[in-house]
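These are my notebook entries from an afternoon of looking things up in one structure.

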Amino acid sequence: MVVTLAGLVRLAVAVGALLTGMAAGAGAGETWTVASEENFPPYNYTADGRRTGLDTEIVEAVLGRIGVTPDHRPAPWSRVVHDVDQNQTDLAFQFVGKPERFEAYNMVGPHRAGLTVFAVRADSGIAYDTLADLGGKRIGTVQGFAYTPEFDGADFLEKEPVANNTLNIRKLAAGRLDVVIGDLHTLASVAREEKVSAKIRFLPKPLSEVPRYIAFPKARKEKAERFAKALAELQADGTIDAIVARWLAP
């Protein structure tokens with residue numbers, strides 16, 4: 001076979017184009033699916049057509065650090081859990097750190113902590129020191145949520161699960177529940193959205209301070225490790241603390 005100079009030039013051009021295309025593909029940004037409860041303010045919710053909130057911003061900051069674009073998929077919490085269980089999302093937030101979840105998922109974090117509290121109607125005489133004080137009261141919970149081991153295992157309590165916190169606040173304000181359990185800032189935000197803040201009050205003693213985590217399916221360990229490394233870097237340089245302070249400033 002005779003190789004001419006023109007043939008060598010054409011071959012060099014073709015190889016160069018192939019290598020350029022391969023390099024561009026390798027450097028192209030990734031997109032990860034991100035599941036979260038559809039309305040959990042101030043942590044994750046939709047405003048003006050885009051996902052926002054404290055935890056949303058933390059997740060986006062971490063993904064930005066590793067060059068990943070989020071594809072947000074808000075859903076009821078039971079669906080979020082299902083998608084992690086079935087490996088149908090790259091990651092989901094924000095999970096309470098139950099032992100069985102550390103077994104089932106790649107749990108990254110905690111990225112922050114929240115206060116779990118009880119809300120009652122403003123004119124209610126209900127007081128809380130121990131869980132036994134809430135015996136016989138109708139307590140609104142969210143289906144699939146974990147609160148604390150003590151509360152979750154308290155079979156003597158009358159718990160009424162619903163799809164989300166908004167329904168619980170509506171039922172509490174309407175007198176169809178005696179108590180609602182949830183994150184302090186979330187319940188307060190939902191009460192403001194529903195214009196019922198004056199109708200509810202928070203019991204002074206919190207149930208607990210709860211660390212929150214980001215969950216990855218077991219099959220996505222490599223992504224979880226990349227995310228964990230970037231999260232640790234942003235925690236170390238103060239970025240995460242600044243995001244939390246800006247969203248939860250008095």
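**Entry 1: ground rules**

I noted that this is a predicted model, in which local features need pLDDT of at least 70 and side-chain atom pairs count only at pLDDT 80 or more, while totals for chains, interfaces and linings use all residues. Residues are numbered from 1 along each chain as its sequence is written, and side-chain values use heavy atoms, with hydrogens and water left out.

**Entry 2: aromatic pairs**

I learned that a pair of aromatic rings is described by the distance of the centres and the angle of the planes. Rings of Phe, Tyr and Trp (its six-membered ring) pair if their centres lie within 6.5 Å, and planes under 30 degrees apart count as stacked, over 60 as edge-to-face and the rest as tilted. How many aromatic pairs does a search of the whole structure find? The search gives 13.

I looked at Trp77 and Phe145, whose ring centres are 5.6 Å apart with the planes at 85°, so this pair is edge-to-face. For the elements I used helices (H or I, at least four residues) and strands (E, at least two) as DSSP runs, numbered from the N terminus. Trp77 belongs to helix α3 (residues 77-85) and Phe145 to the loop between β7 (138-142) and α5 (149-152), so the pair ties together parts 68 residues apart in sequence. Buried means under 20% relative accessible area, exposed over 50%, and partly exposed in between (1.4 Å probe, protein chains only). By that rule Trp77 is buried at 3%, and Phe145 is buried at 17%.

I then turned to Phe102 and Tyr213, an edge-to-face pair at 5.2 Å centre to centre with 85° between the planes. This pair links distant parts of the chain, since Phe102 is in helix α4 (residues 99-104) and Tyr213 is in strand β11 (residues 208-217), 111 residues apart. Phe102 is partly exposed, with a relative accessible area of 36%, whereas Tyr213 counts as buried at 13%.

I also found a cluster linked by ring pairs, whose members include Phe40, Tyr43, Trp77, Phe145 and Phe151. A charge sits over a ring if NZ of Lys or CZ of Arg is within 6 Å of the ring centre and within 35 degrees of the ring normal. Arg112 lies over the face of Tyr43, at 3.6 Å from the ring centre, and Lys159 lies over the face of Phe151, at 4.7 Å.

**Entry 3: helix α7**

In helix α7 (residues 184-193) I listed Thr186, Leu187, Ala188, Ser189, Val190 and Ala191 as buried. The cover over these buried residues includes β6 (105-121), α6, β9 (179-183) and β10 (200-202). Just after α7, Lys195 takes a positive phi of about 60°.

**Entry 4: Asn165**

Asn165 is in helix α6 (residues 165-173), and I recorded Asn165 as buried, at 1% relative accessible area. Contact means heavy atoms within 4.5 Å. Leaving aside neighbours within four places in sequence, Asn165 is in contact with residues including Phe40, Phe145, Thr186, Leu187 and Val190.

**Entry 5: helix α8**

Which residues of α8 are buried? They are Ala224, Phe227, Ala230, Leu231 and Leu234. The buried residues pack against elements including β1 (30-37), α2 (54-65) and β11.

**Entry 6: Asn44**

The Asn44 side chain reaches the backbone oxygen of Glu37 at 2.8 Å.

Notes:
A polar contact is a pair of N or O atoms within 3.5 Å; within protein, one must be able to donate a hydrogen and the other to accept it, and residues adjacent in sequence count only if both atoms are side-chain atoms.
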